[in-house]
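Take a look at the sequence and the structure before reading on.

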Amino acid sequence: MDDVVFWSAHDRDDAGRLGTRFRVFPQPPFIPGYERPEVVWISSPLGTVGPGPSDHRLYVVDPMVQKAPYDYPYLPPFTGDLRPPVLPGPDGHFDHLEAGTREFASAHVFACVRRVLDICESYLGREIPWFFAPVYDRLEIVPHLHWNNAQSGFGFLEMGEDDSMGEPFPFALNFDAIAHETGHLVLFGMLGLPDVGEPGPDFLAYHETVSDCLALIALLHFDTAADRILRRSRGNLLIENELDYLAELSDEKSVRTASHSLRMSDVGFQLHDRSKPFTGAVFDSLVEIYHLLLVERGVAHLDTRLFSELRHDVSHEELEREVAITAEEYEWRHFAAKSALVDARDMIGEVLMSSWALIDPVGFTLREGAEAFLIAVQSSRARHFADRIHENFAWRELI
Ligand SMILES: [Zn+2]
């Protein structure tokens, strides 16, 4: 009998193309249901992620001494002494690192940034350039700073510690925070800065909303997150969201940030406040597309097209009746619901990213951002939901 060959050179090439394995916490591990990291494959082919970790677009440095946060004109590269770089396992992957170690956290930030880039580039269909090229060809990641903040900027992304909960918790293990900072880098890469004048408050608020939306879209790429969000609400995302229950129900920070009833007349010029109605409009559109896909596919029955303004026109009692579904009944629909959520997520991701080609940062207003979004809907897979998406932006007083 011939020898059985399990592993040919051809297979090895295929394995290389699959990418490189890391482990990522979709949410901080103290959030119930997210105690264990998930394996993710990043797109860098096996063997191309070196010590650090590092690849052709990003590299991690872990300074030996306490480093001050970068602040112009203090910019990368960091030139002081470094701790030893994190090394891949013998198989070239980084999923051997033990959660709880400094090395794990360093690799975690690298993997999260790469993962968000991979997701955004797959919506766009091409590489997203660094806005700081050609001064730097790679992003420097500093995963551990004694600083109660996280930031990204000209050539860097660095993570301090979240001290809002008593015991400081490293932002290096907080996917939302890393994805949000990566979102800023993605948008700067696509839009750049205004050629003339300082960026206005609406441009900066748009940066915040885009970073929050990208963090949410990236979170929904984790099975754990999609499963938990759907099972907890028994698939009634639309209803829970309209009643503002979804924010209360959700442990996921990106969902809590996006599920609210703030309109432009409710917010001032503080950047984070000012960004919220836009984030709310994008999130409402995502959950309404999700719900209408369920109706189209015969999985749900309440047709929201019958209401001109969902947040006004539907009585709580009417919606509460729709919520009357048991956990057992929901289980029969879970995978159909998840498939609709994935489709809605991708439609919104594609529309948001294609809208940037229509935006001029000079004199930018959030209204222009909303108009660009609505124009991008027209040539997208979401176009037959265009009327509802328009309603959501109009309700938020963005159009
Ligand atoms: Zn931000």
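Helices (H or I, at least four residues) and strands (E, at least two) are DSSP runs, numbered from the N terminus. This is a predicted model: local features need pLDDT of at least 70, side-chain atom pairs count only at pLDDT 80 or more, and totals for chains, interfaces and linings use all residues. Residues are numbered from 1 along each chain as its sequence is written, and side-chain values use heavy atoms, with hydrogens and water left out.

**Zinc site**

- The zinc ion is coordinated by His 180 (NE2), His 184 (NE2), Glu 208 (OE) and Glu 208 (OE), at 2.1 to 2.8 Å.
- Donors here are N, O and S atoms within 2.8 Å of the metal (3.2 Å for Na, K and Ca); water is not among the atoms, so sites may look incomplete.
- Along the chain, the zinc donors are spaced as H-x3-H-x23-E.
- His 184 lies in helix H3 (residues 175-191) and Glu 208 in helix H4, so this pair ties together parts that are 24 residues apart in sequence.
- The four donor atoms subtend angles of 51 to 132° around the zinc ion, which makes the arrangement irregular.
- Four donors count as tetrahedral if all angles lie between 85 and 135 degrees; four count as square planar and six as octahedral if opposite donors are over 155 degrees apart and all others between 65 and 115; anything else is irregular.
- His 184 and Glu 208 are both buried. Buried means under 20% relative accessible area, exposed over 50%, and partly exposed in between (1.4 Å probe, protein chains only).

**Aromatic pairs**

- The structure holds 19 aromatic pairs. Rings of Phe, Tyr and Trp (its six-membered ring) pair if their centres lie within 6.5 Å; planes under 30 degrees apart count as stacked, over 60 as edge-to-face and the rest as tilted.
- The rings of Tyr 70 and Phe 156 have centres 5.1 Å apart and planes at 45°, so this pair is tilted.
- Tyr 70 lies in the loop between strand S3 (58-60) and helix H2 (102-124), and Phe 156 in strand S6 (residues 156-159), so the pair ties together parts that are 86 residues apart in sequence. Both residues, Tyr 70 and Phe 156, are buried.
- Tyr 206 and Phe 278 form an edge-to-face pair, at 5.5 Å centre to centre and 85° between the planes.
- Tyr 206 sits in helix H4 (residues 201-219) and Phe 278 in helix H9 (residues 271-296), so the pair ties together parts that are 72 residues apart in sequence. Tyr 206 and Phe 278 are both buried.
- One aromatic cluster is formed by Trp 130, Phe 131, Phe 132, Tyr 136, Phe 154 and Phe 188.

**Charges over rings**

- Arg 115 lies over the face of Phe 222, at 5.0 Å from the ring centre.
- Arg 274 lies over the face of Phe 269, at 4.2 Å from the ring centre.
- A charge sits over a ring if NZ of Lys or CZ of Arg is within 6 Å of the ring centre and within 35 degrees of the ring normal.

**Sheet**

- An open sheet of four strands has the order S3-S4-S6-S5, with mixed pairing. Two strands pair if DSSP finds at least two bridges between them.
- S3 and strand S5 (150-153) stand at the edges, each with a single partner strand, so one side of each is left without a neighbour in the sheet.
- Strand S4 (residues 139-142) and S6 run parallel, joined by three bridges. Val 142 stands opposite Glu 158 in S6.
- S5 and S6 pair in the antiparallel sense over four bridges. Met 159 in S6 is the bridge partner of Ala 150.
- S5 and S6 form a hairpin with two residues between them, and Gly 155 in the turn has a positive phi of about 95°.
- From S6, Phe 156 and Glu 158 point one way and Leu 157 and Met 159 the other way; all are buried.

**Backbone points**

- The peptide bond from Pro 76 to Pro 77 is cis, with omega near 0°. Pro 77 is found in the loop between S3 and H2.
- Ala 133 and Pro 134 are joined by a cis peptide bond, with omega about 5°. Pro 134 is in the loop between H2 and S4.
- Arg 234 has a phi near 55°, a positive value in a residue other than glycine. At 36% relative accessibility, Arg 234 counts as partly exposed.
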